[in-house]
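Dear colleague,

I am passing on the structure we spoke about, and I would be glad if you could read these notes with it open beside you.

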Amino acid sequence: MTTQAPAPTRREQILAEAARLFAERGFHGVGVDEIGAAVGISGPGLYRHFAGKDAMLAELLVGISERLLAGGKQRVAQANRSAGSAAEAAAEPAAVLDSLIDGHIDFALDDRPLITLHDRELGQLRESDRKLVRQLQRQYVELWVDVVRALRPDASEGQARAAVHAVFGLLNSTPHLGSTHSLPGRAATAALLRRLAHGALGAL
(Lines give C-alpha, C1' and ligand atoms only; values in the text may rest on other atoms or scores of the structure.)
Protein backbone atom coordinates (compact mmCIF):
# COMPACT_ATOMS: atom_id res chain seq x y z
CA MET A 1 0.00 0.00 0.00
CA THR A 2 1.38 3.41 -0.97
CA THR A 3 0.73 6.61 0.96
CA GLN A 4 -0.21 9.63 -1.10
CA ALA A 5 1.45 12.94 -0.30
CA PRO A 6 -0.96 15.38 1.33
CA ALA A 7 -2.53 17.89 -1.01
CA PRO A 8 -0.83 21.29 -0.87
CA THR A 9 -2.47 23.87 1.34
CA ARG A 10 -3.80 27.10 -0.12
CA ARG A 11 -0.77 28.89 1.31
CA GLU A 12 1.58 26.42 -0.39
CA GLN A 13 -0.30 26.82 -3.68
CA ILE A 14 0.08 30.60 -3.48
CA LEU A 15 3.81 30.31 -2.81
CA ALA A 16 4.32 27.86 -5.68
CA GLU A 17 2.55 30.13 -8.16
CA ALA A 18 4.31 33.23 -6.82
CA ALA A 19 7.68 31.50 -7.27
CA ARG A 20 6.81 30.52 -10.84
CA LEU A 21 5.55 33.97 -11.80
CA PHE A 22 8.38 35.85 -10.09
CA ALA A 23 10.92 33.62 -11.87
CA GLU A 24 9.24 34.10 -15.25
CA ARG A 25 8.54 37.85 -15.12
CA GLY A 26 10.58 39.26 -12.26
CA PHE A 27 9.38 40.36 -8.85
CA HIS A 28 8.29 43.81 -10.03
CA GLY A 29 6.64 42.39 -13.15
CA VAL A 30 4.00 40.45 -11.24
CA GLY A 31 0.99 41.89 -9.43
CA VAL A 32 -0.94 40.48 -6.51
CA ASP A 33 -4.00 40.08 -8.76
CA GLU A 34 -2.03 37.83 -11.15
CA ILE A 35 -0.87 35.59 -8.31
CA GLY A 36 -4.43 35.40 -7.03
CA ALA A 37 -5.78 34.52 -10.49
CA ALA A 38 -3.22 31.70 -10.78
CA VAL A 39 -4.67 30.01 -7.68
CA GLY A 40 -8.29 30.93 -8.30
CA ILE A 41 -8.81 33.62 -5.68
CA SER A 42 -9.07 37.40 -5.83
CA GLY A 43 -5.95 39.47 -5.36
CA PRO A 44 -7.26 41.00 -2.12
CA GLY A 45 -8.00 37.48 -0.91
CA LEU A 46 -4.25 36.83 -0.82
CA TYR A 47 -3.95 39.23 2.10
CA ARG A 48 -5.66 36.65 4.29
CA HIS A 49 -2.51 34.56 3.82
CA PHE A 50 0.30 37.06 3.24
CA ALA A 51 0.88 40.72 4.00
CA GLY A 52 1.97 41.26 0.39
CA LYS A 53 4.44 40.29 -2.31
CA ASP A 54 7.41 41.12 -0.09
CA ALA A 55 6.22 38.61 2.49
CA MET A 56 5.81 35.92 -0.19
CA LEU A 57 9.31 36.47 -1.51
CA ALA A 58 10.78 36.39 1.99
CA GLU A 59 8.99 33.16 2.85
CA LEU A 60 10.16 31.58 -0.42
CA LEU A 61 13.84 32.46 -0.04
CA VAL A 62 14.14 32.06 3.72
CA GLY A 63 12.04 28.90 3.52
CA ILE A 64 14.19 27.11 0.95
CA SER A 65 17.36 28.01 2.86
CA GLU A 66 15.82 26.54 6.02
CA ARG A 67 14.72 23.40 4.16
CA LEU A 68 18.15 22.78 2.63
CA LEU A 69 19.89 23.17 5.98
CA ALA A 70 17.38 21.01 7.85
CA GLY A 71 17.52 18.34 5.15
CA GLY A 72 21.32 18.34 5.19
CA LYS A 73 21.42 17.97 8.96
CA GLN A 74 18.92 15.14 8.79
CA ARG A 75 20.98 13.27 6.20
CA VAL A 76 24.14 13.59 8.32
CA ALA A 77 22.26 12.40 11.42
CA GLN A 78 20.81 9.40 9.58
CA ALA A 79 24.26 8.33 8.41
CA ASN A 80 25.63 8.67 11.95
CA ARG A 81 22.85 6.47 13.33
CA SER A 82 23.35 3.78 10.67
CA ALA A 83 27.14 3.51 11.11
CA GLY A 84 27.18 0.62 13.56
CA SER A 85 30.50 -1.06 12.76
CA ALA A 86 33.99 0.33 12.36
CA ALA A 87 33.87 -0.39 8.63
CA GLU A 88 30.58 1.45 8.31
CA ALA A 89 31.93 4.37 10.31
CA ALA A 90 34.96 4.57 8.00
CA ALA A 91 32.66 4.66 4.96
CA GLU A 92 30.27 7.14 6.59
CA PRO A 93 31.65 10.41 5.08
CA ALA A 94 31.34 8.98 1.57
CA ALA A 95 27.76 7.87 2.26
CA VAL A 96 26.91 11.26 3.78
CA LEU A 97 28.35 13.07 0.77
CA ASP A 98 26.34 10.85 -1.59
CA SER A 99 23.21 11.69 0.39
CA LEU A 100 23.94 15.44 0.47
CA ILE A 101 24.53 15.48 -3.29
CA ASP A 102 21.31 13.58 -3.96
CA GLY A 103 19.35 15.93 -1.71
CA HIS A 104 20.70 19.01 -3.43
CA ILE A 105 20.02 17.50 -6.86
CA ASP A 106 16.39 16.96 -5.84
CA PHE A 107 16.21 20.65 -4.93
CA ALA A 108 17.95 21.76 -8.13
CA LEU A 109 15.57 19.76 -10.33
CA ASP A 110 12.33 20.28 -8.42
CA ASP A 111 12.68 23.91 -7.30
CA ARG A 112 14.26 25.59 -10.31
CA PRO A 113 12.18 28.80 -9.94
CA LEU A 114 13.62 29.30 -6.44
CA ILE A 115 17.17 29.20 -7.82
CA THR A 116 16.22 31.90 -10.32
CA LEU A 117 14.56 33.92 -7.57
CA HIS A 118 17.62 33.73 -5.35
CA ASP A 119 19.92 34.83 -8.17
CA ARG A 120 17.73 37.73 -9.27
CA GLU A 121 15.64 38.87 -6.33
CA LEU A 122 17.63 38.36 -3.13
CA GLY A 123 18.29 42.09 -3.05
CA GLN A 124 14.55 42.77 -2.80
CA LEU A 125 14.39 41.29 0.70
CA ARG A 126 14.51 43.37 3.83
CA GLU A 127 18.00 43.53 5.28
CA SER A 128 17.04 41.28 8.21
CA ASP A 129 15.63 38.60 5.90
CA ARG A 130 18.63 38.84 3.57
CA LYS A 131 20.99 38.37 6.51
CA LEU A 132 19.00 35.35 7.68
CA VAL A 133 19.22 33.76 4.22
CA ARG A 134 22.98 34.32 4.16
CA GLN A 135 23.36 32.90 7.67
CA LEU A 136 21.42 29.75 6.79
CA GLN A 137 23.40 29.33 3.59
CA ARG A 138 26.72 29.61 5.43
CA GLN A 139 25.63 26.88 7.84
CA TYR A 140 24.64 24.67 4.90
CA VAL A 141 28.00 25.23 3.21
CA GLU A 142 29.89 24.39 6.40
CA LEU A 143 27.89 21.17 6.75
CA TRP A 144 29.26 20.11 3.36
CA VAL A 145 32.76 21.38 4.13
CA ASP A 146 32.98 19.19 7.23
CA VAL A 147 31.99 16.11 5.22
CA VAL A 148 34.39 16.91 2.37
CA ARG A 149 37.27 17.42 4.79
CA ALA A 150 36.48 14.14 6.53
CA LEU A 151 36.86 12.47 3.15
CA ARG A 152 39.86 14.53 2.06
CA PRO A 153 41.80 15.46 5.23
CA ASP A 154 44.70 16.62 3.04
CA ALA A 155 42.53 19.44 1.61
CA SER A 156 42.64 22.76 3.41
CA GLU A 157 39.46 24.31 4.75
CA GLY A 158 39.66 26.99 2.07
CA GLN A 159 40.06 24.41 -0.70
CA ALA A 160 37.13 22.38 0.59
CA ARG A 161 34.91 25.46 0.84
CA ALA A 162 35.83 26.61 -2.67
CA ALA A 163 35.06 23.13 -4.01
CA VAL A 164 31.68 23.06 -2.26
CA HIS A 165 30.75 26.46 -3.70
CA ALA A 166 31.80 25.25 -7.15
CA VAL A 167 29.60 22.18 -6.83
CA PHE A 168 26.66 24.34 -5.75
CA GLY A 169 27.21 26.50 -8.81
CA LEU A 170 27.21 23.39 -10.99
CA LEU A 171 24.09 21.87 -9.46
CA ASN A 172 22.26 25.20 -9.34
CA SER A 173 22.75 25.66 -13.08
CA THR A 174 19.52 23.76 -13.78
CA PRO A 175 17.49 26.89 -14.67
CA HIS A 176 19.92 27.39 -17.57
CA LEU A 177 19.54 23.86 -18.97
CA GLY A 178 16.43 24.72 -20.96
CA SER A 179 12.82 23.78 -20.38
CA THR A 180 11.90 20.66 -18.47
CA HIS A 181 10.79 19.08 -21.74
CA SER A 182 14.20 19.65 -23.34
CA LEU A 183 16.08 17.78 -20.59
CA PRO A 184 16.94 14.09 -21.13
CA GLY A 185 14.54 13.04 -18.38
CA ARG A 186 14.72 13.57 -14.64
CA ALA A 187 16.59 10.37 -13.82
CA ALA A 188 19.17 10.90 -16.57
CA THR A 189 19.69 14.55 -15.64
CA ALA A 190 20.07 13.62 -11.96
CA ALA A 191 22.62 10.93 -12.86
CA LEU A 192 24.60 13.42 -14.95
CA LEU A 193 24.60 16.03 -12.19
CA ARG A 194 25.65 13.36 -9.67
CA ARG A 195 28.64 12.33 -11.81
CA LEU A 196 29.68 15.94 -12.34
CA ALA A 197 29.44 16.77 -8.61
CA HIS A 198 31.50 13.74 -7.62
CA GLY A 199 34.00 14.55 -10.37
CA ALA A 200 34.42 18.11 -9.16
CA LEU A 201 34.92 17.08 -5.53
CA GLY A 202 37.18 14.21 -6.57
CA ALA A 203 39.53 16.73 -8.19
CA LEU A 204 40.47 18.13 -4.75
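Below are some notes on one helix pair, one serine and one annotated region.

Please keep in mind that this is a predicted model, in which local features need pLDDT of at least 70 and side-chain atom pairs count only at pLDDT 80 or more, while totals for chains, interfaces and linings use all residues. Residues are numbered from 1 along each chain as its sequence is written, and side-chain values use heavy atoms, with hydrogens and water left out.

The axes of helix H7 (residues 157–171) and helix H8 (residues 186–202) come within 9 Å and cross at roughly 160°, and the two are therefore roughly antiparallel to each other (a term for angles over 145 degrees). On the H7 side, the contact (heavy atoms within 4.5 Å) is made by Ala163, Val164, Val167, Leu170 and Leu171, and on the H8 side by Leu193, Leu196, Ala197, Ala200 and Leu201. Sorted by type, the residues of this contact comprise 10 nonpolar, no polar and no charged, where Ala, Val and Leu are among those counted as nonpolar.

Serine 65 has its place in helix H3 (residues 53–82), and it counts as buried because its relative accessibility is 7% (buried means under 20% relative accessible area, with a 1.4 Å probe and protein chains only). With its neighbours within four places in sequence left aside, serine 65 is in contact with Val133, Leu136 and Gln137.

Finally, an unreviewed UniProt entry places the feature "DNA-binding region" at residues 31–50, although such annotations may be inferred rather than shown by experiment. In the model, the end C-alpha atoms of residues 31–50 lie 14 Å apart, and the span is 40% helix and 0% strand, with helices taken as DSSP runs (H or I) of at least four residues and strands as runs (E) of at least two.

How values were computed. Axes are lines fitted to C-alpha atoms, for helices over the stretch in contact, and angles run from 0 to 180 degrees between N-to-C directions. Angles under 35 degrees count as roughly parallel, over 145 as roughly antiparallel, 65 to 115 as roughly perpendicular and the rest as oblique. Buried means under 20% relative accessible area, exposed over 50%, partly exposed in between (1.4 Å probe, protein chains only).
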